[in-house]
Amino acid sequence: MKTAFIQRKAGTAMKKIGFIVNPVAGMGGAVGLKGTDGEETLRKAIALGAKPIAPKRAKVFLLHLKNMHCEVSLLAAAGKMGEMEARETEFPCIPIGRSKEKTGPSDTKRAAELMIKEEVDLLVFCGGDGTARDIMDVVDLKLPVLGVPTGVKMHSALFALNPGAAARITARFLSDGLPLKEAEVMDVDEEAFRRGYLSAKLYGYMLVPYEAEYVQSVKCRVLEVKVNLEIKRL
């Protein structure tokens, strides 16, 4: 595990936040599917009556941040990937990229690429471990990232405890400065999880503004653990 910290100093210029929402994150878990990775799983989730979770939590984050009166410029991925949530909360934003009705991992990666080009000071995303992996594939250690938890598989160490905590970390990082920590990006095998096995894997690291009270720790470092489903029946 990497434990190096990098101190980031606050400046006087208006900071830029990149904002990306995975609109389908968490839908599978809401109907007992242990995740939403893959189009087939998403179709099953919708058929079972799943409703979007990420947009609601994204708006909670934005409302908390708005109430903190931060001097920030919000660069939101176009359409339902961030722009829509910003407009619905009346949070001024600059749309980035092109709006699409149907989105997927490639759209998340493209949005992350655009945020790097825009030289944002912090990239905030709303999703789960799968979304974190997509962003890591593009961002790596190029810029600080913070996750707003909206998925089911929350094993990575780059998520705030909740949307309100994410807003607090964002405000402190951009105004006062916070140390950056290389945080683990983890993900589990959804099919194995549905069969009762938790198989978690370390995929890499991203830089995260670190405030111990408000950022979750990595949940699982073992490669394979048998989940005792009978415990739920006791």
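**View 1. Lining of the second largest pocket by residue class.** The lining of the second largest pocket has six nonpolar, four polar and four charged residues. Ala, Val, Leu, Ile, Met, Phe, Trp, Tyr, Cys and Pro count as nonpolar, Asp, Glu, Lys and Arg as charged, and the others, Gly among them, as polar. This is a predicted model: local features need pLDDT of at least 70, side-chain atom pairs count only at pLDDT 80 or more, and totals for chains, interfaces and linings use all residues. Residues are numbered from 1 along each chain as its sequence is written, and side-chain values use heavy atoms, without hydrogens and water.

**View 2. Centre of the second largest pocket.** The volume is about 200 Å³. Of the 14 lining residues, G97, R98, K100, D107 and R110 are the closest to the centre. Helix α5 gives the most to this lining, with five residues. (A pocket is an open set of points on a 1 Å grid over the protein atoms alone, where a 1.4 Å probe fits, with protein on both sides within 12 Å along at least five of seven lines; lining residues have an atom within 4 Å of a point. Points are joined across faces, edges and corners, and the volume is the space filled by probe spheres set on them.)

**View 3. The open sheet.** Five strands run in the order β4-β3-β2-β5-β6, with parallel pairing. β4 (93-96) and β6 (145-149) stand at the edges with a single partner strand each, so one side of each lacks a neighbour in the sheet. The twist averages 25° from one strand to the next. Four bridges join β3 (residues 72-77) to β4. L74 stands opposite C93 in β4. (Helices, H or I of at least four residues, and strands, E of at least two, are DSSP runs numbered from the N terminus; strands pair if DSSP finds at least two bridges between them.)

**View 4. Helices on the sheet.** Helix α3 (residues 54-67) lies across β2 (15-21), β3, β5 (122-127) and β6, at about 160° to β2. Helix α5 (residues 105-117) touches β2, β3, β4 and β5, and its direction makes about 175° with that of β2. (Axes are lines fitted to C-alpha atoms, for helices over the stretch in contact; angles run from 0 to 180 degrees between N-to-C directions. Contact means heavy atoms within 4.5 Å.)
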